[in-house]
Amino acid sequence: MAADPAVPDEDCVLCPPLRFRLNTIAGLPGRDAVLAEDDGFFLIPDLAPLAEGHLLLVASAHLPCAGALDPDLWDRAIAWRDTVGRLYRRAYGDSELLLLEHGPATPQGGGACVDHFHWHLLPGASGVRAVLIRDRLDGVPASHAVLSGRFRAGRSYLLVEEAGVATVHPGDGVPGQYLRRATATALGLPGPWRWQEVFALDENRRRFLSTLNTLRAAAGDNGLAA
Ligand SMILES: [Zn+2]
Ligand SMILES: [Zn+2]
């Protein structure tokens, strides 16, 4: 039987009481690093940003993936994505963004690092889809219907939106943190990419705080409203 999404999962790092615990371990702000929120979602820098501006859009409730969102929450997630694009334009001069989701884990071991809805958002980055295709993970055009279908069928997926085009790729059996690795490859990052290897480093703390300060300044006194 499916768990009630209204009930937080006490073992989930994106639910209370563990929410923000990893930030504390890394010496980073948690609750105080939330850039914006409503009753459905909150926006926070990634614990181990792959680039300046790397954010997570996280569901307030313990919902496993975008395929599990009801149509209203899906529309609201898309509106948040657009809000982040406007924020990137103010902060970095361009609203282009990379959106990534590793869908739900499966009994076979899927690609999700955390089975709780979160979208990774990075400013101005692309090239991840090409890495997936090179790895023979060909995609199809993404929509809420496609993602819900995969979720209901018990399949995992990888969602990639870049340059305004969203595609969904097979996610069953991909290695842990596959999309982090693919993004590091696409961005040509030389260093380690597993979050556990970088999240407590000084350089990581600097990037997290720079992201927070830059985007908070860009949001301005009016917050993140359009
Ligand atoms: Zn959760
Ligand atoms: Zn993630």
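Colleague: Cysteine 12 and histidine 62: buried or exposed?
Modeller: Cysteine 12 is buried, and histidine 62 is too. Buried means under 20% relative accessible area, exposed over 50%, and partly exposed in between, with a 1.4 Å probe and protein chains only. Keep in mind that this is a predicted model, where local features need pLDDT of at least 70, side-chain atom pairs count only at pLDDT 80 or more, and totals for chains, interfaces and linings use all residues. Residues are numbered from 1 along each chain as its sequence is written, chains are lettered from A and ligands numbered from 1 in the order in which they are written, and side-chain values use heavy atoms, leaving out hydrogens and water.

Colleague: Which residues coordinate the zinc ion (ligand 1)?
Modeller: Cys12 (SG), Cys15 (SG), His62 (ND1) and His116 (ND1), at 2.0 to 2.3 Å. Donors are N, O and S atoms within 2.8 Å of the metal (3.2 Å for Na, K and Ca), and water is not among the atoms, so sites may look incomplete.

Colleague: What makes the arrangement around the zinc ion (ligand 1) tetrahedral?
Modeller: Four donors count as tetrahedral if all angles lie between 85 and 135 degrees. The four donor atoms here subtend angles of 102 to 122°, so the arrangement is tetrahedral.

Colleague: Why do you say that cysteine 12 and histidine 62 tie parts of the chain together?
Modeller: Because cysteine 12 lies in the segment before helix H1 (21-25) and histidine 62 in the loop between E3 and H2, 50 residues apart in sequence. Helices (H or I, at least four residues) and strands (E, at least two) are DSSP runs, numbered from the N terminus.

Colleague: And what holds the zinc ion (ligand 2)?
Modeller: His102 (NE2), His118 (NE2) and His120 (NE2) coordinate that ion, at 2.1 to 2.4 Å. Histidine 102 in strand E4 and histidine 120 in strand E5 are 18 residues apart, and both are buried.

Colleague: Why does proline 104 count as buried?
Modeller: Its relative accessibility is 7%, so proline 104 counts as buried. Proline 104 is in the loop between E4 and E5, and its C-alpha atom is 7.2 Å from that of tyrosine 157, 53 residues apart along the chain.

Colleague: What is the largest nonpolar core, then?
Modeller: A nonpolar core is a set of buried Ala, Val, Leu, Ile, Met, Phe, Trp, Tyr and Cys residues joined through side-chain atoms within 4.5 Å. The largest has 51 residues, and Phe117 and Trp119 are among those with the most contacts inside it. H2 gives the largest share, seven residues.

Technical notes:
Four donors count as tetrahedral if all angles lie between 85 and 135 degrees; four count as square planar and six as octahedral if opposite donors are over 155 degrees apart and all others between 65 and 115; anything else is irregular.
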